[in-house]
Amino acid sequence: MALRSEFSIENAYPYDRRGVWRWVRSHVLRYWRFVLGFYIFFLVAWSCYAGSQVLIGRAADEILNPSRPNGLLIVTLAVLAVLVGDAISALIGLLSAETLAARFEADARQELYESLLGKSTAFHDRQRAGDMMARATDDTRALGDMIVPGGLLATETVMGIVVPLFFIGLTRLELLLVPLAFVALYIVTARRYLRRLDPVITAQREQYGHLNAGLEETISGIEVVKASAREPFEREKYRRNARLFRDFFVRQGYIEARYLPLLIYGVAMGLTFFHAMWLYGQGTISVGQVVSTMGLMNVLRFPTFISIFAFSVIQAGVASARRILRIVTAETDLGENSAGYRAEMQGAITFEGVHFTYEEKEAEAQEDRGVPAGAAMLPAPPPRPPSSSSAVLHDLSFHIPAGATVAIVGQTGSGKSALTLLVNRTYDVSAGRVLIDGVDVRDWSLDALRSQIGKIEQDIFLFSRSIGENIAFGAPGATREQIEAAARAAQAHDFIMAFPDGYNTVVGERGTTLSGGQRQRIALARAFLSNPRILILDDSTSAIDSATEDQIQQAIRKAQEGRTVLLITHRISQIRWADLILVLDAGRLVAAGTHDDLLRRSPHYRRIFARYEMELPPLEGSGDGGAGTGEAVGGEHEGAARALLPTIGN
């Protein structure tokens with residue numbers, strides 16, 4: 001069964017993700033022609049190389065007992081021919097292996113990236129960016145190394161043992177006695193070696209991800225580090241992580257140093273020579289057969305030695321594949337629902353008995369029960385209202401008609417941002433329903449839903465691209481004229497044109513080369529260009545100076561036209577022109593109405609403005625809400641306010 005994902009590719013190649021080795025095999029067999037060419041040409045190469053040892057033995061017999069005048073020359077030319085065949089076959093086989101490795105690495109990296117795009121925000125909240133980067137770069141590189149040189153050398157190990165043994169058997173069957181005993185002991189010791197190596201390599205890869213995550217966090221927060229003079233602390237923390245990473249390599253070295261097959265090979269070489277000489281003394285084999293047998297045994301030395309490196313590289317690749325597959329197969333919280341409801345959105349929003357809590361404890365609970373990280377999530381229990389101690393929002397019920405501007409206010413931690421995150425399904429409700437145009441957001445196609453909802457937050461994210469590309473991010477096919485029109489509407493055109501390169505000016509990462517007000521206006525221009533039916537402004541002017549705010553106010557008023565706007569702010573200048581104001585306290589809706597009405601009737605609302613030097617009207621009544629709220633809104637939004645009355649004061 002396919003995993004849920006917020007993003008998927010049509011006709012994507014179906015990789016087998018039921019296990020690490022199955023996943024690797026499905027990637028490799030996608031390019032079966034290269035696999036076939038690799039094995040065929042390396043089989044030919046090893047056959048040529050082993051055959052040359054037999055011919056060298058034949059040359060020894062020709063020296064001692066010439067069969068014809070030019071017999072030695074013929075044997076010499078035959079040796080030259082098979083060694084040239086060995087070189088050509090190995091070259092073609094290596095080219096096939098390198099091509100296979102490069103494509104495997106690229107495909108795995110693309111698969112991981114597409115998987116990350118499809119994961120929910122809740123999933124990404126639980127991840128460390130540096131560790132994800134380590135998986136997308138170093139772990140995918142290890143997959144390529146697993147094929148070349150890892151798989152290449154492992155194949156050479158197998159062929160470098162099997163082919164010489166085949167030729168030894170053709171020389172004299174009795175001569176296989178010692179080599180076969182060596183192979184049996186080699187397999188036993190190699191399996192023991194791999195069992196000891198696997199946990200060390202796995203821990204090594206995990207530690208690298210931890211090391212990289214710490215590095216990314218320090219670099220991202222470098223301003224805080226420097227402002228707090230915490231460089232010595234961060235230096236020591238990184239040093240501890242790097243030392244632990246080094247220690248895993250040292251431990252790997254200890255295991256590799258005790259690799260027994262090389263010792264066993266030395267004993268087998270001596271015993272084979274003793275056996276061959278004994279058979280020669282019995283008159284069973286010739287000098288040439290002794291020479292060829294020892295030459296073939298000497299061929300075994302390379303695969304026996306190189307298998308140390310091959311096994312280590314393959315184990316590193318398997319550990320990296322396990323880390324990548326853990327992310328790819330991790331169950332995400334939301335699915336794209338591609339067959340869901342699609343329509344042009346009008347913008348009416350309804351909350352019905354909504355409860356919400358951040359559902360990250362379920363994953364932790366599964367790990368506590370022994371479920372490995374990255375395994376499919378256990379079936380969730382039926383939705384139920386969360387306890388008051390864990391819930392972010394409690395029993396919210398209200399209706400916002402299409403085209404209304406609604407201000408959402410409340411103290412820090414009251415659940416304002418969480419409320420807006422439920423509208424575009426960044427998260428799903430824990431209980432209750434959120435409807436847009438009368439349709440549950442869970443029944444909407446995720447693409448159709450989110451493409452018609454725009455959001456601008458306080459911390460604007462801009463990509464390290466040109467200003468024009470940042471504005472057109474949500475509408476990649478937009479023309480320059482459309483981009484400029486959106487910038488003019490957002491009061492951004494003038495300052496953009498003041499730059500030497502205008503709209504082609506490349507901003508720094510996250511837009512750090514621009515001021516806060518400039519970033520806000522570019523974000524508004526981006527919203528204008530994508531033309532969302534619902535626009536969410538989450539405290540988007542809290543860090544703007546008064547002069548800049550006037551320009552942004554004009555842009556926001558322009559943004560309101562024909563759209564449903566959810567506005568999170570504490571600025572009274574913005575709250576006043578909202579059609580409806582929702583007041584939250586500890587995740588509950590405690591009041592609703594217009595600015596003037598709430599100043600008279602809501603202690604919670606008055607408390608928000610207590611810091612302003614303004615005269616407040618006398619408080620009417622003893623609690624929030626109450627009769628008269630609906631009448632205070634008036635006009636087309638009167639019904640919306642009346643719908644709020646049953647929930648006020650809950």
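Reader: How are helices and strands defined here, and how many of each are there in the protein?

Author: Helices (H or I, at least four residues) and strands (E, at least two) are DSSP runs, numbered from the N terminus. The model is predicted. Counted in this way, the protein has 24 helices and 10 strands.

Reader: Which helices do the buried residues of helix 1 pack against?

Author: Helix 1 covers residues 20-29, and its buried residues are Val20, Trp23, Val24, Ser26, His27 and Val28. These buried residues pack against helix 2 (32-64), helix 3 (71-118), helix 5 (129-171) and helix 11 (301-328).

Reader: Are helix 16 and helix 18 roughly parallel or oblique to each other?

Author: Two packed helices are described by the angle between their axes and the distance between the axes. The axes of helix 16 (residues 480-489) and helix 18 (residues 516-530) come within 8 Å and cross at roughly 125°. Roughly parallel would need an angle under 35 degrees. The two helices are therefore oblique.

Reader: How do the residues of the contact of helix 16 with helix 18 divide into nonpolar, polar and charged?

Author: On the helix 16 side the residues are Gln482, Ile483, Ala486, Ala487 and Ala489, and they meet Ala525, Phe528 and Leu529 in helix 18. The contact divides into 7 nonpolar, 1 polar and no charged.

Reader: Phe182 and Tyr265 form an aromatic pair; how many residues apart in sequence are the parts that the pair ties together?

Author: The structure holds 18 aromatic pairs. Phe182 and Tyr265 make an edge-to-face pair, 6.0 Å centre to centre with 65° between the planes. Phe182 lies in helix 6 (residues 177-220) and Tyr265 in helix 9 (residues 261-281), so the parts tied together are 83 residues apart in sequence.

Reader: Why is the pair of Tyr341 and Trp444 edge-to-face?

Author: Planes over 60 degrees apart count as edge-to-face. The ring centres of Tyr341 and Trp444 are 4.8 Å apart, and the pair is edge-to-face because its planes are at 85°.

Reader: Is Trp444 buried or exposed?

Author: Trp444 lies in the loop between strand 5 (439-440) and helix 14 (446-450), and its partner Tyr341 in the loop between helix 11 and strand 1 (349-356). Tyr341 is partly exposed, with a relative accessible area of 35%. Trp444 has a relative accessible area of 0%, so Trp444 is buried.

Reader: Asp395 has a positive phi; is Asp395 buried, partly exposed or exposed?

Author: Phi of Asp395 is near 45°, and the residue is not a glycine. Asp395 is in strand 2 (residues 393-400). Its relative accessibility is 34%, so Asp395 counts as partly exposed.

Reader: Arg425 also has a positive phi; what is its relative accessibility?

Author: Phi of Arg425 is about 60°. Arg425 sits in the loop between helix 13 (416-423) and strand 4 (431-436). Arg425 counts as buried because its relative accessibility is 5%.

Terms used:
Residues numbered from 1 in each chain as written. Predicted model: local features only at pLDDT ≥ 70, side-chain atom pairs only at ≥ 80, totals over all residues. Heavy atoms only, no water. Buried < 20%, exposed > 50% of the residue type's maximum accessible area, 1.4 Å probe, protein only. Contact = heavy atoms within 4.5 Å. Axes fitted to C-alpha atoms, helices over the stretch in contact; angles between N-to-C directions. Parallel < 35°, antiparallel > 145°, perpendicular 65-115°, else oblique. Nonpolar A, V, L, I, M, F, W, Y, C, P; charged D, E, K, R; others polar. Phe/Tyr/Trp six-rings, centres within 6.5 Å; stacked < 30°, edge-to-face > 60°.
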